[in-house]
Amino acid sequence: MSTKKTPKSALTENDGVEQPKMINPNAVVRKKSIATSSYVSEIKKGNRVLLSKAITLIESTSKKHQQQAKAIIKECLSVKNDAIRIGITGVPGVGKSTFIEAFGLYLTSLGKKVAVLAVDPSSSVSKGSILGDKTRMEELVRDTNAFIRPSPSGNSLGGVARKTRETIILCEAAGFDVIIIETVGVGQSETAVHSMVDFFLLLKLAGAGDQLQGIKRGIIEMADSIVINKADGTNLKPAQLARTEFKRALQLYPHKDNGWVPKVTTCSALKKEKIDGVWQIISDYLALTKQNYSFTKRRQAQNKFWLLQTIEEQLKANFYSNQKVASLLAKLIKQVEDNTISPFDAAEQVLAINANS
């Protein structure tokens, strides 16, 4: 006798497919944090990966990261290094990236290890940065003796990354012979870069109405050398003429305390011509300043400057993070806007409450 099967309801739920076990059980496990001692030892060995990660710690706003970054910097300060710090500036379009790549490749061909700290401008709206220097320096980025680190400028003065000074210390500990700091070429960035380098190079253009713009007291006084770029083709003669004009202009300025007379030369970064002449100027400068000890004095003056600068930044940060100050400041700003109190009286009230808190 056959048994009649009861048909299943359409609402019956079947068992699903059995899920396989996780292939990698450690996939969701967070990586362990790297010890400070490991960072320091690997940086001293020239480990680029750990160097990059340490720079990221320096740039981080996390208090935990900042504490570890300070510990790493403290250990790296003891590393003796004869690295040369070169600042390069110029208006946008002058060819800074092209020049730095040609210059960097020339230095690596001499057997030198080169680090490029390129500061990219951050958007004041989105706060983002393109960080495109690595794409602009295609040849140099593939050179095993070169290290390129683009960093966002953030809100720091003139587009110079606030932590560039600390990054220099790490690059020197990693064994780099030449450290190049590129500015975005706007605002007061030149002043900040000048305060952290041994040699300050100003790139200029000819035939672009740049000659008169370039003859400005501040930037000319800071420059240790002026290089007229793009001196090739039909622009060769205008570049030579610009060189003569800048030479004459430099004669109007007082001599530098270190005895160095700024040099003016031309080059073509695109065609990699006369790049060796730029390095010869820098070499002559180093020979003179080390002989008369002005090189060491400049380093000492820079360290003092950065000590005072750091104190000012910390005082400012502590002031605005004070809750009493923030509360009173919000009220006083409204009163200042309504002209019911002067900005000077308002400032005195805010400073007084900060001093008493």
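1. At roughly what angle do the axes of helix 1 and helix 3 cross? The axes of helix 1 and helix 3 (residues 63-76) cross at roughly 45° and come within 9 Å. That makes helix 1 oblique to helix 3. Angles under 35 degrees count as roughly parallel, over 145 as roughly antiparallel, 65 to 115 as roughly perpendicular and the rest as oblique. Axes here are lines fitted to C-alpha atoms, for helices over the stretch in contact, with angles running from 0 to 180 degrees between N-to-C directions. Helices (H or I, at least four residues) and strands (E, at least two) are DSSP runs, numbered from the N terminus.

2. A note on the source: this is a predicted model, in which local features need pLDDT of at least 70 and side-chain atom pairs count only at pLDDT 80 or more, while totals for chains, interfaces and linings use all residues. Residues are numbered from 1 along each chain as its sequence is written, and side-chain values use heavy atoms, with hydrogens and water left out.

3. The crossing of helix 1 and helix 3 is right-handed. A crossing is left-handed if the near helix is turned anticlockwise from the far one by less than a right angle, and right-handed if clockwise. Contact means heavy atoms within 4.5 Å. On the helix 1 side are Thr36, Tyr39, Val40, Ile43 and Lys44, and they meet Gln68, Ala71, Ile72, Glu75 and Cys76 in helix 3. By class, this contact has six nonpolar, two polar and two charged residues. Ala, Val, Leu, Ile, Met, Phe, Trp, Tyr, Cys and Pro count as nonpolar, Asp, Glu, Lys and Arg as charged, and the others, Gly among them, as polar.

4. Helix 1 (residues 36-44) also has a crossing with helix 2 (residues 48-59): their axes come within 9 Å and cross at roughly 130°. Helix 1 and helix 2 are therefore oblique to each other, and their crossing is left-handed. Tyr39, Glu42 and Ile43 in helix 1 meet Leu50, Leu51, Lys53, Ala54 and Leu57 in helix 2. This contact divides into six nonpolar, no polar and two charged residues.

5. Helix 3 and helix 7 have axes that come within 9 Å and cross at roughly 50°. The two are therefore oblique to each other, and the crossing is left-handed. Ile72, Ile73 and Cys76 of helix 3 make the contact with Glu166, Ile169, Leu170 and Ala173 of helix 7.

6. The structure holds one cavity of 30 Å³ or more. On a 1 Å grid over the protein atoms alone, a cavity is a set of points where a 1.4 Å probe fits but cannot get out, and a pocket is an open set with protein on both sides within 12 Å along at least five of seven lines; lining residues have an atom within 4 Å of a point. The largest cavity has a volume of about 60 Å³. Of its ten lining residues, Glu59, Leu117, Ser151, Thr164 and Thr167 lie nearest its centre. Strand 2 gives the most to this lining, with three residues.

7. The second largest pocket has a volume of about 600 Å³. Its lining has 26 residues, and Glu221, His255, Lys256, Trp260 and Pro262 lie nearest its centre. Helix 13 supplies the largest share of the lining, five residues. The lining has twelve nonpolar, six polar and eight charged residues.

How values were computed. Grid points are joined across faces, edges and corners, and a volume is the space filled by probe spheres set on the points.
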